[in-house]
Amino acid sequence: MSLRSGTPRADGFSMPAEWAPQTQIWMLWPERPDSWRAGALPARAAFLEVVRAIARFEPVTVGASQKQFQNASAQLAEDSNVRVIEMSNDDIWMRDCGPTFVIEGKGGLAAVDWEFNAWGGHLGGAYPTWDLDNQVAQKVAQLERVPRYATPGFVLEGGSIHVDGEGTLVTTTECLLHPNRNPQLGQSEIERYLRDYLAVDTIIWLPEGLYNDETDGHVDNFCCFVRPGEVLLCWTDDESDPNYSRCRSALAVLERSRDARGRELVVHKMPIPSPIYAILESEGGAIGQVPDESGQPERLAASYVNFLIVNGGIIVPGFDDPMDSVALELLQTLFPEREVVMVPGREILLGGGNIHCITQQQPRP
Ligand code: KQY
């Protein structure tokens, strides 16, 4: 399919909100041994729960490496709403390496293929090479026979942006202005890419994302739109939590922002779970905390905001925490017309993200 030379905006395309009708969800099968413990078996079990939860609502396509294609196919064979395809990859983060789909009024669908550098390239990126992940968006676009807009040299991950589908985008300075993404560009030049490729008019810059997020503060782990004019923001009242000031700085920005239609934003607060640390669960059952460089156990960036909206449903990670039920109830209130399904989120969190990070929705134009 064609590589388009202009920009989506010039051709009448824009990025719809996640709650717009979808055709399917794209995912990638866990394999990488330095991301996933114990031969990736616990991660695959968690991943399968996510796939099956989504497949209750709409079709899922799972890309697996040539080595894992038969295994993934066998494990998903029972589910007629899931197809497995062979797709080389470096890891499972389809939100970030996959395409951002854009639609246009006459039924058109296209894919934006951002440059992907594994959250920082050689300046703190997660893996030494990322060329397979960087081809994922192109492959998805070709499989779906949709035109593709590429941004060679401009790095962006899908998890670093959220849109309301009515011209507003929310992101974080911590991520988009990080020198390991597009050091040659200033804020206004980065905004130009967002305006041209996603057709947004108003960009809300939160200072930071959640503490210790491996992505340098992806907004999809911290704050999202729940409908036009309303956002959901991670929240803690614990002054000793490093997220305390991050949540307040974000709230201050949101409270003085107007969206693209001139509306003030209603901010809903989503509690974060109690601190969760990386624990090494060995086969024999021994448990030990993984210390960081300073000898402290590593705090994981656990968040209920990392949920996925699907047709008729919300798929949200749970952490076996007292806040799980609070999060479920709040999401059910915010999305009364959708069924909220909580699936265990710890194993995917150990790899550095959660349900929103491992999925990419394809809107129905
Ligand atoms: O989008 C994400 N949260 C993925 C981060 C993965 C970092 C690699 N371990």
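This is a predicted model: local features need pLDDT of at least 70, side-chain atom pairs count only at pLDDT 80 or more; totals for chains, interfaces and linings use all residues.

User: Good to know. Let's start with the ligand: which residues are around the ligand?

Analyst: The residues around it are Trp93, Asp96, Trp119, Ala126, Glu214, Thr215, His218, Gly351, Gly352, Gly353 and Cys357.

User: And how far is an oxygen atom of the ligand from the side chain of Asp96?

Analyst: There, a ligand oxygen is 2.6 Å from an N or O atom in the Asp96 side chain. The glycines come in through their backbones: a nitrogen atom of the ligand is 2.8 Å from a polar backbone atom of Gly351, and a ligand nitrogen is 3.0 Å from a polar backbone atom of Gly352.

User: How much of the ligand does the protein bury?

Analyst: The protein buries 94% of the 300 Å² that the ligand exposes when taken alone.

User: His218 was on your list. Where is the place of His218?

Analyst: You'll find His218 in the loop between β11 (202-206) and β12 (223-227).

User: Is His218 buried or exposed, and why?

Analyst: His218 has a relative accessibility of 1%. The cut-off for buried is under 20%, so His218 counts as buried.

User: What does His218 touch?

Analyst: Leaving out residues up to four places away in sequence, His218 touches Asp96, Trp119, Glu157, Gly159, Ser160, Cys175, Arg181 and Asp213. With Glu157 there is also a polar contact of 2.7 Å between the two side chains.

User: OK, new topic. What is the order of the five strands in the open sheet?

Analyst: The order is β1-β8-β7-β6-β2, and the pairing is mixed. At the edges sit β1 (3-4) and β2 (13-14), each of which pairs on one side only.

User: In what sense do β2 and β6 pair?

Analyst: They pair in the antiparallel sense, over two bridges, with β6 covering residues 100-104.

User: How does β13 pair with β12 and β14?

Analyst: With β12 the pairing is antiparallel, over four bridges, and Cys224 stands opposite Leu232. With β14 (266-271) β13 runs parallel, and six bridges join the two. There, Cys234 stands opposite Met270.

User: What's in the turn of the β12 and β13 hairpin?

Analyst: Two residues lie between the strands, and Gly229 in the turn has a positive phi of about 85 degrees.

User: What about β18? How many of its residues are buried?

Analyst: Six of the six residues of β18 (313-318) are buried, so the strand is largely enclosed by the rest of the structure. Gly313, Ile315 and Pro317 are buried on one face, and Ile314, Val316 and Gly318 on the other.

User: And which strands does β18 pair with?

Analyst: β17 (308-310) pairs with β18 in the antiparallel sense over three bridges, with Val310 partnered by Gly313. That hairpin has two residues between its strands, and Gly312 takes a positive phi near 85 degrees. β18 also pairs with β19 (339-344), in the parallel sense over six bridges, where Gly313 stands opposite Glu339.

User: Last one: where does Pro297 lie, and how exposed is Pro297?

Analyst: Pro297 lies in the loop between β16 (287-289) and β17, and with a relative accessible area of 25% Pro297 is partly exposed. Its C-alpha atom is 8.4 Å from that of Ile279, a residue 18 places apart from Pro297 along the chain.

Key. Residues are numbered from 1 along each chain as its sequence is written. Side-chain values use heavy atoms; hydrogens and water are left out. Two strands pair if DSSP finds at least two bridges between them. A residue is near a molecule or strand if one of its heavy atoms lies within 4 Å of it. A polar contact is a pair of N or O atoms within 3.5 Å; within protein, one must be able to donate a hydrogen and the other to accept it, and residues adjacent in sequence count only if both atoms are side-chain atoms. Accessible areas come from the Shrake-Rupley method with a 1.4 Å probe; for residues, only the protein chains shown count as cover. Buried means under 20% relative accessible area, exposed over 50%, partly exposed in between (1.4 Å probe, protein chains only). Contact means heavy atoms within 4.5 Å.
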